[in-house]
Amino acid sequence: MAGTSVIEFNKIKICVNDQVYEPAEDTELMFEIINTEKNEKILEVGPGTGIISVSLALKGAEVTAIDINPYASEATLCTAKINKVQINIINGDLLSPIRPFVFDVAVFNPPYLPFEEYDSWIGYSWSGGKSGAESLIKFLSEVKASRIYTLYSSLTDEDAILAELKNVGLCIKTKREKQIGLETLFGIELVKCLG
């Protein structure tokens, strides 16, 4: 892949290029909240460089990764190869490329900023639509998993996200915050609501 370089993040070598979102504070927050076990079937939507998918595969998970950005799919493949793990990598939009399936875990670091900037592939990694919540709401309406790990920003329409959680019967089990300047990131673990 032209323009690809290898860097290290969270003690894992990853492939990066100028059309793929590099791991940052939101990635660190995802690592803090994700809790998985060996042999779990995991779906990651929007893997970017593949850092989370690869780290979960290194722990013995069976990982499927879907990204709309073809450069991100290539970066995830590259990251998997240099770390010698097998990941099922699919280039497509959210869950549209797969049949309905119940995963043990679903992970999605969505585009959460209230922007609509889709003139380059990397724009898909941060452009969350007018409210910043469109991609996450669509994902939550379609995904089937025992546990879901995702995040959103204080700039995102939190009321819209909470309304969708109620609509699909999901409750927040764990919530962590990370302050970045004037913005706060919220990492959440979601499970089916009891009763």
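# Chatting through a predicted fold

Reader: Hi! Let's start with Asn-10: what is its relative accessible area?

Author: Asn-10 has a relative accessible area of 45%, so this residue counts as partly exposed. Keep in mind that the model is predicted.

Reader: Okay, and where does Asn-10 lie?

Author: You'll find Asn-10 in the loop between strand 1 (5-9) and strand 2 (12-16).

Reader: Which way does the phi of Leu-94 go, positive or negative?

Author: Leu-94 has a positive phi too, of about 45 degrees, and is not a glycine either. Leu-94 sits in the loop between strand 5 (88-91) and strand 6.

Reader: Is Leu-94 buried or exposed?

Author: Leu-94 is buried, because its relative accessible area is 9% and anything under 20% counts as buried.

Reader: Let me zoom out. How many helices and strands does the protein have?

Author: There are five helices and nine strands. Reading from the N terminus, their order is β-β-α-β-α-β-α-β-β-α-β-α-β-β.

Reader: And how much of the protein counts as buried?

Author: That would be 50% of the 195 residues. Also, among contacts with a separation of 6 or more, 61% are between residues 24 or more positions apart.

Reader: Nice. Now two helices: at what angle do the axes of helix 4 and helix 5 cross?

Author: Helix 4 (residues 134-142) and helix 5 (residues 158-168) cross at roughly 5 degrees, and their axes come within 10 Å. That angle makes helix 4 roughly parallel to helix 5, because angles under 35 degrees count that way.

Reader: Which residues in helix 4 and helix 5 meet?

Author: On the helix 4 side they are Leu-136, Ile-137, Leu-140 and Ser-141, and they meet Ala-160, Ile-161, Glu-164, Leu-165 and Val-168 of helix 5. By type, the contact has seven nonpolar residues, one polar and one charged.

Reader: Switching to rings: how many aromatic pairs are in the whole structure?

Author: A search of the whole structure turns up three aromatic pairs. One of them joins Phe-101 and Phe-103, with ring centres 4.9 Å apart. Their planes are at 70 degrees, so this pair is edge-to-face.

Reader: What kind of aromatic pair do Phe-108 and Phe-139 form?

Author: Phe-108 and Phe-139 make a tilted pair, with 4.8 Å from centre to centre and 50 degrees between the planes. The pair links distant parts of the chain: Phe-108 is in strand 6 (residues 103-108), Phe-139 is in helix 4, and they are 31 residues apart. Both Phe-108 and Phe-139 are buried.

Reader: What lies over the face of Phe-186?

Author: Lys-175 does, at 4.8 Å from the ring centre.

Reader: Last topic, Thr-79. Where is its place?

Author: Thr-79 belongs to helix 3 (residues 70-82). Its relative accessible area is 0%, so Thr-79 is buried.

Reader: Which residues does Thr-79 touch?

Author: Leaving out residues up to four places away in sequence, Thr-79 touches Lys-13, Ile-14, Cys-15, Thr-49, Gly-50 and Val-54.

Note on methods
Residues are numbered from 1 along each chain as its sequence is written. This is a predicted model: local features need pLDDT of at least 70, side-chain atom pairs count only at pLDDT 80 or more; totals for chains, interfaces and linings use all residues. Side-chain values use heavy atoms; hydrogens and water are left out. Axes are lines fitted to C-alpha atoms, for helices over the stretch in contact, and angles run from 0 to 180 degrees between N-to-C directions. Helices (H or I, at least four residues) and strands (E, at least two) are DSSP runs, numbered from the N terminus. Angles under 35 degrees count as roughly parallel, over 145 as roughly antiparallel, 65 to 115 as roughly perpendicular and the rest as oblique. Contact means heavy atoms within 4.5 Å. Ala, Val, Leu, Ile, Met, Phe, Trp, Tyr, Cys and Pro count as nonpolar, Asp, Glu, Lys and Arg as charged, and the others, Gly among them, as polar. Rings of Phe, Tyr and Trp (its six-membered ring) pair if their centres lie within 6.5 Å; planes under 30 degrees apart count as stacked, over 60 as edge-to-face and the rest as tilted. Buried means under 20% relative accessible area, exposed over 50%, partly exposed in between (1.4 Å probe, protein chains only). A charge sits over a ring if NZ of Lys or CZ of Arg is within 6 Å of the ring centre and within 35 degrees of the ring normal.
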